[in-house]
Amino acid sequence: MRKAASPVMLGPPHNHSMETPATFFLVGIPGLQSSYLWLAISLSAMYTIALLGNSLIMTVICMDSTLREPMFGFLCVLAAVGIVMASSVVPKMVSIFSSGHSSISFSACFTQMYFVHAATAVETGLLLAMALDRYVAICKPLHYKSILTPRVMLGMSATITIRAVISMTPLSWMVSHLPFCGSHVVPHSYCEHMAVAKLACADPMPSCFYSLISSSIIVGFDVTFIAASYILILRAVFGLSSKNAQWKALSTCGSHVGVMALYYLPGMVSVYVSWLGQDSVPLHTQVLLADLYLVFPPTLNPLIYGLRTKQIRERIWSLLICPFHNSSLCS
């Protein structure tokens with residue numbers, strides 16, 4: 001039978017006046033206060049690119065009736081998730097770095113935590129779906145439309161969303177129901193669950209362990225099938241007779257793998273460092289890694305997945321440039 005950890009726990013089991021803080025205070029990036037202005041400027045620029053780029057891709061795909069292949073549907077959803085992911089954290093980060101407004105309410109903190117984790121879980125599922133789409137398009141082109149039907153696409157999207165909700169709802173619930181009777185200062189730039197859970201005056205290990213296991217299972221499953229898809233794609237590409245076709249396919253796959261590496265590596269390193277190397281890795285490095293995988297993918301996705309796609313690039317050109325020129329120049 002577990003003993004009470006502190007006198008606070010001896011009182012009524014749900015004494016919210018003592019256990020639930022009204023406000024948390026986000027530190028930002030500990031140790032890098034001298035760089036806050038540059039961080040604010042950089043984040044603002046990346047957020048602007050993410051908003052404009054992802055909004056433009058969503059607009060083009062939704063407006064153009066010719067962009068109805070599964071890949072464009074996944075791109076549209078990925079753009080929406082990118083906006084949600086960036087908007088969940090970047091405005092608050094910029095506020096901290098530029099003006100020092102570090103307070104965040106209890107409910108806003110856990111709302112942010114939920115959207116961050118749910119959006120990341122959806123994004124990794126979308127990256128898997130897009131890898132499978134490329135595999136079918138390149139390795140089984142004659143069966144592309146019969147395999148990836150609208151019904152299959154809808155089922156994949158629903159499965160990705162349900163998986164994110166089912167896996168992340170228990171985590172947010174566990175952390176939000178911990179008693180917080182000590183410090184309310186979060187040594188992070190957003191409400192990252194490990195940083196918040198460690199402030200509790202009860203044992204945070206169950207929620208931290210759940211986070212580690214669920215993240216490892218989801219990412220491990222998705223990365224395994226993404227890697228298998230691209231290995232099969234590369235085998236098919238090297239079997240092409242045209243060197244130009246080989247180069248184009250390798251260039252596209254290489255850029256996709258680069259974005260995935262920027263997404264998965266900082267995220268998983270951040271998770272495992274919090275568990276295994278928190279004493280050996282500087283805190284500001286841990287926070288930067290956690291920030292990196294939330295900010296970079298929404299910024300780079302429109303450039304890598306959108307502008308490098310010929311059909312989208314042509315539609316964006318006609319949408320932005322043609323209204324100001326003679327129509328013959330845009331044909």
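These questions and answers walk through a predicted model of a protein.

Me: How many helices and strands are there in the protein?
Reply: The model is predicted. From the N terminus on, the elements run α-β-α-α-β-α-α-α-β-α-α-α-α-α. That gives 11 helices and 3 strands.

Me: What share of the residues of the protein count as buried?
Reply: Buried means under 20% relative accessible area. The protein has 331 residues. The share that counts as buried is 45%.

Me: Among contacts between residues at least 6 apart in sequence, what share join residues at least 24 apart?
Reply: A contact here means heavy atoms within 4.5 Å. Take the contacts between residues at least 6 apart in sequence. The share that joins residues at least 24 apart is 77%.

Me: In which sense do strand 1 and strand 2 pair?
Reply: Strand 2 covers residues 103-105. Phe24 has Ile104 in strand 2 as its bridge partner. Over 3 bridges, strand 1 and strand 2 pair in the sense called antiparallel.

Me: In which sense do strand 1 and strand 3 pair?
Reply: Phe25 stands opposite Val185 in strand 3. The two strands share 2 bridges. Strand 1 and strand 3 pair in the sense called parallel.

Me: Which residues make up the covered face of strand 1?
Reply: In a regular strand the side chains alternate between the two faces of the sheet. Strand 1 has an uncovered face with Thr23 and Phe25. Its covered face holds Phe24 and Leu26.

Me: Is the ring pair of Phe24 and Phe180 stacked or edge-to-face?
Reply: The structure holds 9 aromatic pairs. In this one, the ring centres are 5.4 Å apart and the planes stand at 85°. Planes over 60 degrees apart count as edge-to-face. So the pair of Phe24 and Phe180 is edge-to-face.

Me: How many residues apart in sequence are the parts that Phe24 and Phe180 tie together?
Reply: Phe24 lies in strand 1, residues 23-26. Phe180 sits in the loop between helix 6 (150-176) and strand 3 (185-186). Both Phe24 and Phe180 are buried. The pair therefore ties together parts whose distance in sequence, in residues, is 156.

Me: Which residues do ring pairs link into a cluster with Phe24?
Reply: Phe180 pairs with Phe24 edge-to-face. Ring pairs also bring in two further Phe residues. With Phe24, the cluster holds Phe106, Phe110 and Phe180.

Me: Which residues does Ser172 touch, not counting residues up to four places away in sequence?
Reply: Ser172 has its place in helix 6. Its relative accessible area is 9%, so Ser172 is buried. Beyond four places in sequence, Ser172 touches Phe110 and Tyr114.

Me: How many residues apart in sequence are the parts that Tyr36 and Phe97 tie together?
Reply: The pair is tilted, with 4.7 Å centre to centre and 50° between the planes. Both Tyr36 and Phe97 are buried. Tyr36 lies in helix 2 (residues 36-63) and Phe97 in helix 3 (residues 70-99). So the distance in sequence between the parts, in residues, is 61.

Me: Arg315 and Asp64 meet in a salt bridge; how many residues apart are they?
Reply: A search of the whole structure finds 3 salt bridges. In this one, N and O are 2.3 Å apart. Arg315 is in helix 11 (residues 310-320), while Asp64 is in the loop between helix 2 and helix 3. Their distance in residues is 251.

Me: Is Arg315 buried or partly exposed?
Reply: Asp64, its salt-bridge partner, has a relative accessible area of 15% and is buried. Arg315 has a relative accessible area of 23%. The cut-off for buried is under 20%. So Arg315 is partly exposed.

Me: With which residue does Arg163 form a salt bridge?
Reply: Side chains of opposite charge can pair when their charged atoms come close. Arg163 lies in helix 6, and its partner lies in helix 8 (residues 205-238). The closest N and O atoms are 2.8 Å apart. Arg163 forms the salt bridge with Asp222.

Me: What is the relative accessible area of Asp222?
Reply: Arg163 is partly exposed at 22%. Asp222 is buried. The relative accessible area of Asp222 is 0%.

Me: What accessible area do Met205, Phe209, Ile213 and Ile217 have together?
Reply: These residues form a nonpolar patch on the surface. One of them, Phe209, is found in helix 8. Phe209 is partly exposed, with a relative accessible area of 46%. Together the patch has an accessible area of about 390 Å².

Key. Residues numbered from 1 in each chain as written. Predicted model: local features only at pLDDT ≥ 70, side-chain atom pairs only at ≥ 80, totals over all residues. Heavy atoms only, no water. Phe/Tyr/Trp six-rings, centres within 6.5 Å; stacked < 30°, edge-to-face > 60°. Helix = DSSP H or I, 4+ residues; strand = E, 2+ residues; numbered from the N terminus. Buried < 20%, exposed > 50% of the residue type's maximum accessible area, 1.4 Å probe, protein only. Salt bridge = Lys/Arg side-chain N within 4 Å of Asp/Glu carboxyl O. Pairing = 2+ DSSP bridges. Patch = residues over 30% accessible without salt bridge, like charges linked within 9 Å, V, L, I, M, F, W, Y side chains within 5 Å. Areas by Shrake-Rupley, 256 points an atom, 1.4 Å probe, with all protein chains shown as cover.
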